[in-house]
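Q: Please take a close look at one chain of this model. How is it built, and how does it meet its partner?

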Amino acid sequence: MDSVRSETAPVPQALKILVAGGFGAGKTTLVGAVSEIAPLRTEEVLTTAGVGTDDTTGVATKTTTTVAMDFGRITINPSLVLYLFGTPGQNRFWFLWDELATGALGAVVLADTRRLADSFAAIDYFEQRNTPFVIAVNCFDNDQRYTAEQVREALDVDGHVPVLLTDARDRMSVKNVLITLVEHVLTMVRSSVPA
Amino acid sequence: MSTDPLDGVEEGPAWWDHEAGPVVRPYMVTGGRVRPVTVDFDLITYLVATATLAADTPSPEHQAILALTQEPRAVAEVASRVDLPLGVVRVLLCDLLSDGLIARYDPPPTDHLPNVETLQAVIHGLRAL
């Protein structure tokens, strides 16, 4: 590694939290609700040659796709900065998730009760990777048709995974989701370290 | 190669508008290189320029990155602000790194979660928002 420690420039430690969920679940809205900057967008140009298929036909199957990730930033203190990354909604970009998920503190799975099945992919992914996550049920227009427990049952997640109702537009509500996630991570860290 | 590519082209509505995408494809900026030559950069690796604008900096894009990183900035932020795909930015960062024009500060190792003190600081900071 070419890491350098400089005595002069105070470089904060950066942490990242992922925000996953189906298309239109409100990921960017959630990021924007707590970010100190307007959500920024970063793009990756992918050549998806033969992804998920046996590619025997060569260049003819190559397509270039641009995948966008929106992200925001929260400065916790001068030496600690939190980045929130909205994961690309399309399931076929799993490999981008791998890069995003590497080193992530944890994840928020934003669920839309009108399309709960959209959350399954994200839940499976984080469970397999052992990435700590919480499920935040986005209640559009105060439309709380289900309780957190009903959603937990429908999604069939482990009892220790926090499930909470939220309003992705509301700063306090999203703040509460993030605090719940980090407390969940803290519990996991504490239980994995011998007392 | 000083020939104007539009010489002899009839006047008319421009076809190379914003929707058509960049006239110069993103990877032209990197001379066709698609992978960082030596090292990779995490999205939250911090970058700090160790030089002000160097006269012999290879390209305007390199210059733009140097200007941005006069204060510490994460890779994702740099990519977003220079409006280039991440892959392109990573290649340019490798150039700057090997020329000794930027320093990188990597996030902690990825195979374990932050320690209790860090997590408590995050919770405290979020509560204070």
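A: Read along the sequence, chain B runs β-α-β-α-α-β-α. That gives 4 helices and 3 strands. Helices (H or I, at least four residues) and strands (E, at least two) are DSSP runs, numbered from the N terminus. The model is predicted, so local features need pLDDT of at least 70 and side-chain atom pairs count only at pLDDT 80 or more, while totals for chains, interfaces and linings use all residues. Residues are numbered from 1 along each chain as its sequence is written, and chains are lettered from A and ligands numbered from 1 in the order in which they are written.

Start with the overall packing. Chain B has 129 residues, and 36% of them are buried. A residue is buried with 20 or more other C-beta atoms within 10 Å of its own, exposed with 12 or fewer, and partly exposed in between; the C-beta atoms are placed from the backbone. Of the contacts in chain B with a separation of 6 or more, 71% link residues 24 or more positions apart. Contact here means C-beta atoms, placed from the backbone, within 7 Å.

Next, the sheet. Chain B holds an open sheet of 3 strands, in the order 2-1-3, with antiparallel pairing. Strand 2 (73-74) and strand 3 are its edge strands, each pairing on one side only. Two strands pair if DSSP finds at least two bridges between them. Strands 1 and 2 of chain B are joined by 2 bridges and run antiparallel. Tyr46(B) stands opposite Ala74(B) of strand 2. Strands of a sheet pair through backbone hydrogen bonds, either parallel or antiparallel.

Now the helices. His62(B) lies in helix 1 (residues 60-68) of chain B. His62(B) counts as buried because it has 21 C-beta neighbours inside 10 Å. Leu96(B) is 34 residues away from His62(B) in sequence, yet the two are 7.3 Å apart, C-alpha to C-alpha.

The axes of helix 1 and helix 3 of chain B come within 10 Å and cross at roughly 75 degrees. Axes are lines fitted to C-alpha atoms, for helices over the stretch in contact, and angles run from 0 to 180 degrees between N-to-C directions. Helix 1 and helix 3 of chain B are therefore roughly perpendicular to each other. Angles of 65 to 115 degrees get that label; under 35 is roughly parallel, over 145 roughly antiparallel, and the rest oblique. Helix 1 contributes Glu61(B), His62(B), Ile65(B) and Leu66(B) to the contact, and helix 3 contributes Leu92(B), Leu93(B), Asp95(B) and Leu96(B). By class, this contact has 5 nonpolar, 1 polar and 2 charged residues. Ala, Val, Leu, Ile, Met, Phe, Trp, Tyr, Cys and Pro count as nonpolar, Asp, Glu, Lys and Arg as charged, and the others, Gly among them, as polar. An α-helix has 3.6 residues a turn, so residues three or four places apart point the same way.

Helix 2 of chain B is mostly covered, with 6 of its 8 residues buried. These are Val75(B), Ala76(B), Glu77(B), Val78(B), Ala79(B) and Ser80(B). Just after helix 2, Asp83(B) takes a positive phi of about 55 degrees.

Then the partner. In chain B, 34 residues are in contact with 35 residues of chain A. Five elements of chain B each supply at least two residues to this side: strand 1 (46-49), helix 2 (75-82), helix 3 (86-98), strand 3 (102-105) and helix 4 (116-127). Helix 4 gives the most, with 8 residues. The side of chain B that touches chain A divides into 25 nonpolar, 4 polar and 5 charged residues.

The largest nonpolar core has 81 residues, and the members touching the most others are Ile17(A), Tyr83(A), Val108(A), Val109(A), Leu110(A), Val75(B) and Leu93(B). Helix 3 of chain B supplies the largest share of this core, 9 residues. A nonpolar core is a set of buried Ala, Val, Leu, Ile, Met, Phe, Trp, Tyr and Cys residues joined through C-beta atoms within 7 Å.

Chain A, for context, has 5 helices and 7 strands. Buried residues make up 41% of its 195 residues.

Methods: Contact = placed C-beta atoms within 7 Å.
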